[in-house]
Amino acid sequence: MYRASLILLLILTVFATGSVVVALPLPLTGRVITLKELIPLTSSQKEFKITDGKDRGKKVPLTLQPNPTDEKRWTLTFGDYGRIFLLRGPGGALVMERMDLFNSKSYIVYEPALKILLPGEANSAGSLQRETDYKMYRADTGRLKRAGRVTHLVKRVSHSQFNTPAGPLNGYYVEIEHKMDMEYYSQLLLTVGLGCRLDEGLVYGAAHYKLSKLGGIFTETKTAAAALAQR
């Protein structure tokens, strides 16, 4: 579950060094950047290269496509790793409803759906931290596997340059923390960085996860990154 979750949350999650991918800070532009500009919901397919992690060097398609019966709902699929179900909410907010984890044959439902906003957006007054409940089910039987609480925090957005296999790309780096509380005093903390270009969407992703069990007696950490392979 945990490696698959890390991959998907890099798409909001992506895995990834044939070449090193880094995010370099650039001078701030002074303008307010909206999530709608950074992750536009338009049909697209890109090829990413995993640059750090278990499948390093592998090329993976990232596909965004609409629901044929509902233009507000979209799916974001990362190769044979998994899929996220998205909804464009009022004011351009992005809402994550469900996450399919292909490798672990599971899916996660957020109840209520997880609404994501960026610093400075008109409708994001107050804290950018969001909390909701989640339930994980077996994909084959629909049986409940576990349930818990999610805390999602968008920390900051910075103007950056990304050195990718497709060459250097200027864009914006979104820093996110995604914490999942589980049974037996366990917790999964995902620290995610997403690189996006205005009106183009994702071009880079990096993540670090820390799994703590039994109140921190046992811990496990992993890192991952992926970037646009070609333009």
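Tyr107 counts as buried because its relative accessibility is 16%. Buried here means under 20% relative accessible area, exposed means over 50%, and partly exposed lies in between, with a 1.4 Å probe and protein chains only. This is a predicted model: local features need pLDDT of at least 70, side-chain atom pairs count only at pLDDT 80 or more, and totals for chains, interfaces and linings use all residues. Residues are numbered from 1 along each chain as its sequence is written, and side-chain values use heavy atoms, with hydrogens and water left out.

The structure holds five aromatic pairs. Tyr107 and Tyr137 make a stacked pair, because their ring centres are 5.3 Å apart and their planes stand at 25°. Rings of Phe, Tyr and Trp (its six-membered ring) pair if their centres lie within 6.5 Å; planes under 30 degrees apart count as stacked, over 60 as edge-to-face and the rest as tilted. Tyr107 sits in strand E7 (residues 106-116) and Tyr137 in strand E8 (residues 129-138), so the pair ties together parts 30 residues apart in sequence. Tyr137 also counts as buried, because its relative accessibility is 16%.

Tyr107 has a charged neighbour too. Arg98 lies over the face of the Tyr107 ring, at 4.1 Å from the ring centre. A charge sits over a ring if NZ of Lys or CZ of Arg is within 6 Å of the ring centre and within 35 degrees of the ring normal.

Phe162 and Tyr173 form a tilted aromatic pair, 6.2 Å centre to centre with 50° between the planes. Phe162 lies in strand E9 and Tyr173 in strand E10 (residues 167-182), so this pair ties together parts eleven residues apart in sequence. Strand E9 spans residues 144-164. Both Phe162 and Tyr173 are buried. Phe162 counts as buried because its relative accessibility is 0%.

Along the chain, Phe162 and Tyr204 are 42 residues apart, yet 7.3 Å separates their C-alpha atoms.

## The chain as a whole

The chain has two helices and 13 strands. Helices (H or I, at least four residues) and strands (E, at least two) are DSSP runs, numbered from the N terminus. Of the 231 residues in the chain, 49% are buried. The accessible surface comes to about 10700 Å², and 51% of it belongs to carbon and sulfur atoms. These areas come from the Shrake-Rupley method with a 1.4 Å probe; for residues, only the protein chains shown count as cover.

## The nonpolar core

The largest nonpolar core has 53 residues. Such a core is a set of buried Ala, Val, Leu, Ile, Met, Phe, Trp, Tyr and Cys residues joined through side-chain atoms within 4.5 Å. Leu38, Ile108 and Tyr110 touch the most other members.

Take Leu38. Leaving aside neighbours within four places in sequence, Leu38 is in contact (heavy atoms within 4.5 Å) with residues including Ile33, Leu118, Val157, Tyr172 and Val174. Cys196, Arg197, Leu198, Gly201 and Leu202 are also among the contacts of Leu38.

Strands E2 (residues 44-52) and E3 (residues 59-67) pair in the antiparallel sense over six bridges. Two strands pair if DSSP finds at least two bridges between them. Lys46 has Leu62 in E3 as its bridge partner. E2 and E3 form a hairpin with six residues between them. Gly53, in the turn, has a positive phi of about 135°.

E3 runs antiparallel to strand E4 (residues 70-78), and six bridges join them. Gln65 has Thr75 in E4 as its bridge partner. A hairpin of two residues links E3 to E4.

## Strand E13 and its neighbours

E2 also pairs with strand E13 (residues 218-228), in the antiparallel sense, over four bridges. Phe48 stands opposite Leu228 in E13. Lys49 has Ala227 in E13 as its bridge partner.

Strand E12 (residues 201-213) pairs with E13 in the antiparallel sense over ten bridges. Gly205 has Ala226 in E13 as its bridge partner.
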